[in-house]
Amino acid sequence: MQSDYRVKTLYTINELIEKYPFFTRYNINKAIQNDDLPYCSIGKKRMFSKSEVEKWLEKNMCTKKENQKYKI
């Protein structure tokens with residue numbers, strides 16, 4: 001029998017900043033406050049799914065000419 005589940009990669013805030021250097025604590029917390037960046041809490045830690053972060057980045061990345069809510 002083959003199990004049909006996927007393992008999700010989860011990042012803490014520090015790992016997220018390390019993995020994606022254009023993230024700062026400020027813009028992560030701002031995105032959380034605006035309910036834009038999905039996360040889950042495990043104890044007191046906020047964990048971010050890699051797939052959700054990448055979706056968020058696609059939606060919120062902007063060029064220098066564009067003026068959007070999040071400047072990364």
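This briefing covers the sheet, the helix packed on it, the nonpolar core and a few loop residues. The model is a predicted one. Its sheet is open, with 3 strands in the order β1-β3-β2 and antiparallel pairing. Helix α3, residues 50-60, lies across β1 and β3. The largest nonpolar core has 13 residues, and α1, α2 and α3 each give two or more residues to this core.

**Sheet**

- The strand order is β1-β3-β2. β1 (10-11) and β2 (40-42) are at the edges with a single partner strand each, so one side of each has no neighbour in the sheet.
- Strands of a sheet pair through backbone hydrogen bonds, in a parallel or an antiparallel sense.
- The pairing of β1 with β3 is antiparallel and runs over 2 bridges. Y11 has F48 as its bridge partner in β3.
- The pairing of β2 with β3 (residues 45-49) is also antiparallel, over 3 bridges. C40 has M47 as its bridge partner in β3, and S41 stands opposite R46.
- The hairpin of β2 and β3 has 2 residues between the strands, and G43 in this hairpin takes a positive phi near 70 degrees.

**Helix α3**

- α3 runs at about 70 degrees to β3.
- The residues V53, W56, L57 and N60 of α3 are buried. They cover an arc of only 100 degrees around the axis, and therefore lie on the same side of α3.
- An α-helix has 3.6 residues a turn, so residues three or four places apart point the same way.
- K55, E58 and K59 are exposed on the other side of α3.
- The cover over the buried residues of α3 includes α1, α2 and β3.

**Nonpolar core**

- Which residues have the most contacts inside the largest core? They are L16, Y20, F23, I28, L37, F48 and V53.
- The elements that give two or more residues to this core are α1 (13-19), α2 (25-33) and α3.
- Not counting residues up to four places away in sequence, L16 touches Y11, F23, I28, F48 and V53.

**F23, between α1 and α2**

- F23 is in the loop between α1 and α2.
- Is F23 buried or exposed? F23 has a relative accessible area of 1%, which is under the 20% limit, so F23 counts as buried.
- Leaving aside neighbours within four places in sequence, F23 is in contact with L16, I17, I28, V53, W56 and L57.
- F23 and I13 are 10 residues apart along the chain, and their C-alpha atoms are separated by 9.3 Å.

**T12, between β1 and α1**

- T12 is in the loop between β1 and α1.
- T12 has 18% relative accessibility and therefore counts as buried.
- Beyond its neighbours within four places in sequence, T12 is in contact with K45, R46, M47 and F48.

**D35, between α2 and β2**

- D35 is in the loop between α2 and β2.
- The relative accessibility of D35 is 69%, so D35 counts as exposed.
- D35 has a phi near 55 degrees, a positive value in a residue other than glycine.

Notes. Residues numbered from 1 in each chain as written. Predicted model: local features only at pLDDT ≥ 70, side-chain atom pairs only at ≥ 80, totals over all residues. Heavy atoms only, no water. Pairing = 2+ DSSP bridges. Helix = DSSP H or I, 4+ residues; strand = E, 2+ residues; numbered from the N terminus. Contact = heavy atoms within 4.5 Å. Axes fitted to C-alpha atoms, helices over the stretch in contact; angles between N-to-C directions. Core = buried A, V, L, I, M, F, W, Y, C linked by side-chain atoms within 4.5 Å. Buried < 20%, exposed > 50% of the residue type's maximum accessible area, 1.4 Å probe, protein only. Arc of directions from axis to C-beta.
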